[in-house]
Amino acid sequence: MKGLKFDFNNMFGSNVGKEHGVEETELNALSYSVKEAHEHLVSVLADSRNRVSLGLEWTRLPFQDKKEIKIIQKLGDEIAKKYENVISLGIGGSYLGLKAAQDALCSPYYNEFAGARNGRPRIYFEGNNLDPHTLSVLLKNLNPKKTFVIVISKSGETTETRTAFIAVENWLKKSAGRNYGRQIFAITDPQSGSLRKIVDERQKKDKLSFRNLPLIKGVGGRFSEFNMGLLHLAIIGVDIQKVLNGAADMHKRCSSPDLFKNPAYMYAALHTILYRMKGKDIAIVMPFSETLKSTADWYIQMLAESLGKKYARKIIKARDGREEWINDTGRVVNVGRTPIPARGTNDLHSIQQNNIEGMNNKAVTFIRVEKFNSEIKVPAGGESGILAGKRFSEMITLAQEATEWALVRESRPSCTIIMPEASAYNWGALLFFFEMATAFEGELLGVNAFDQPGVEGYKNYMYYKLGKSGLSEKVADEIKNNPLLKDPKFIL
Ligand code: PA5
């Protein structure tokens with residue numbers, strides 16, 4: 001089979017015992033829900049109005065116009081030639097996909113060695129934390145004249161990104177001269193938000209400044225790597241079309257109604273059974289690869305923000321087929337598996353103890369790479385002993401197999417996504433697989449996988465304290481009337 005493989009043997013009771021694994025009868029019993037979920041997804045995806053209004057337009061991203069992709073690829077090459085450094089500002093969906101791509105598809109130690117970068121710029125990710133230390137050290141050390149800035153924010157309102165952007169713009173303005181805006185590129189909503197407003201204003205003064213790419217309507221932040229991440233891919237020298245081809249082929253595989261042909265549906269169905277019926281509410285995501293750790297981090301956001309939900313979804317269907325999804329405040333469900341990123345083999349000396357002997361409430365997803373981009377062998381002689389002549393890739397593969405075995409012995413379910421190699425094609429396929437699996441798991445759980453109302457609480461509190469205008473009276477009153485209670489006797 002071309003591309004990724006999904007091995008789910010160890011999710012079954014036959015391997016880990018029926019108390020902790022899925023029984024084929026349980027999978028069969030889910031078939032009605034699977035069929036319903038599939039038919040619902042198909043009907044929503046067939047209607048572009050629904051795709052856009054409900055946030056499912058990401059399913060079309062693998063099929064973007066090849067000419068447009070070439071233009072972005074060229075633009076990335078131009079920026080790469082001209083600048084030594086790029087600061088990429090963004091958080092959540094406007095950051096994690098980019099970081100994941102860079103770690104997976106560029107050489108390790110990319111920023112450290114010119115040879116590892118193939119002459120491309122160093123990339124620094126900022127605007128993803130309010131920690132003042134990292135940005136201030138970065139700005140003290142970078143040469144603004146040799147630095148290009150990309151600011152990514154769909155809403156333009158996100159505090160972390162906005163704050164960093166104001167600081168970085170000011171830094172550029174002071175040192176890079178009058179045309180500093182030509183060193184800034186914005187990726188944001190085509191119409192709304194404060195970043196769009198800034199772009200439009202700055203462009204009025206200088207057409208060449210604040211160049212920008214509009215985000216595609218109906219694509220939510222965490223589902224948007226194949227949209228907002230494209231310029232970054234081009235700058236670091238990744239062939240964008242190969243990434244999209246991988247995603248497109250996975251799209252095809254994930255369109256089948258048959259669980260045994262559709263890896264994303266199977267992944268979602270098995271996890272739903274383990275979660276609902278066997279108490280596996282912790283999802284450990286463990287690539288056996290240093291460079292795929294940030295891809296696990298990307299999936300953590302995908303799973304947590306998409307499926308960790310308080311309310312059930314209520315579907316309101318109009319006669320013309322349009323759907324509206326609302327969170328049914330009368331049906332509190334508080335669902336969602338809790339994802340935890342880990343990394344083989346590092347975390348075999350850490351979280352693995354708990355995976356094996358702690359509460360049996362976890363399902364582990366391994367990602368195994370079959371062919372690494374470099375190899376190293378243990379030299380023969382000296383102290384090498386049984387390790388003499390062993391390839392590191394053999395050893396990491398053996399460690400992954402050994403971890404599976406150890407989990408099975410303790411009746412702990414796991415599954416493995418096998419990547420023939422960490423190529424642009426396979427990485428695109430991997431992301432699309434996780435996106436589709438998440439969408440389908442959302443259908444099976446009956447929640448809206450494409451919103452994230454839970455993150456508003458902290459934002460509103462900050463806005464209230466910062467005196468932001470436009471906060472509703474209800475929200476302001478709630479914050480005012482419910483201050484955090486701090487009794488000194490509980491602080492030592
Ligand atoms: O998935 C999401 O929508 C979020 O995680 C956003 O990506 C994140 O909050 C950043 O938002 P924005 O791009 O509007 O700054």
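Threonine 161 counts as buried because its relative accessibility is 3%, where buried means under 20% relative accessible area, exposed over 50%, and partly exposed in between (1.4 Å probe, protein chains only). The structure is a predicted model, in which local features need pLDDT of at least 70 and side-chain atom pairs count only at pLDDT 80 or more, while totals for chains, interfaces and linings use all residues. Residues are numbered from 1 along each chain as its sequence is written, and side-chain values use heavy atoms, with hydrogens and water left out.

Threonine 161 sits in helix H9, residues 159-176; helices (H or I, at least four residues) and strands (E, at least two) are DSSP runs numbered from the N terminus. Its side chain reaches the backbone oxygen of glycine 127 at 3.4 Å. Apart from neighbours within four places in sequence, threonine 161 is in contact (heavy atoms within 4.5 Å) with Leu89, Gly90, Ile91, Gly127, Val151, Ile152 and Ser153.

Of the 13 residues around the ligand, Ser94, Ser153, Ser155, Thr158 and Gln301 come nearest; a residue is near a molecule if one of its heavy atoms lies within 4 Å of it. Some pairs here are polar contacts, meaning N or O atoms within 3.5 Å. A polar side-chain atom of threonine 158 is 2.5 Å from an oxygen atom of the ligand, and for serine 155 the corresponding side-chain distance to a ligand oxygen is 2.7 Å. Glycine 93 takes part through its backbone, with a polar atom 2.9 Å from an oxygen of the ligand. The ligand taken alone exposes 380 Å², and the protein buries 89% of that; accessible areas come from the Shrake-Rupley method with a 1.4 Å probe.

Valine 333 lies in strand E9, residues 323-335. Its relative accessibility is 31%, so valine 333 counts as partly exposed. Not counting residues up to four places away in sequence, valine 333 touches Lys309, Lys310, Tyr311, Ala312 and Val447. Between valine 333 and arginine 368 there are 35 residues of sequence separation and 34 Å in space, C-alpha to C-alpha.

Isoleucine 386 is in the loop between strand E11 (362-371) and helix H17 (392-409). With 77% relative accessibility, isoleucine 386 counts as exposed. Together with Leu387 and Met395, Ile386 forms a nonpolar surface patch with about 300 Å² of accessible area. Patch residues have over 30% relative accessible area and no salt bridge, and nonpolar side chains (Val, Leu, Ile, Met, Phe, Trp, Tyr) are joined within 5 Å, like charges within 9 Å. A salt bridge is a side-chain nitrogen of Lys or Arg within 4 Å of a carboxyl oxygen of Asp or Glu.

Note on methods:
Polar contact = N/O pair within 3.5 Å; in protein donor to acceptor, adjacent residues only side chain to side chain.
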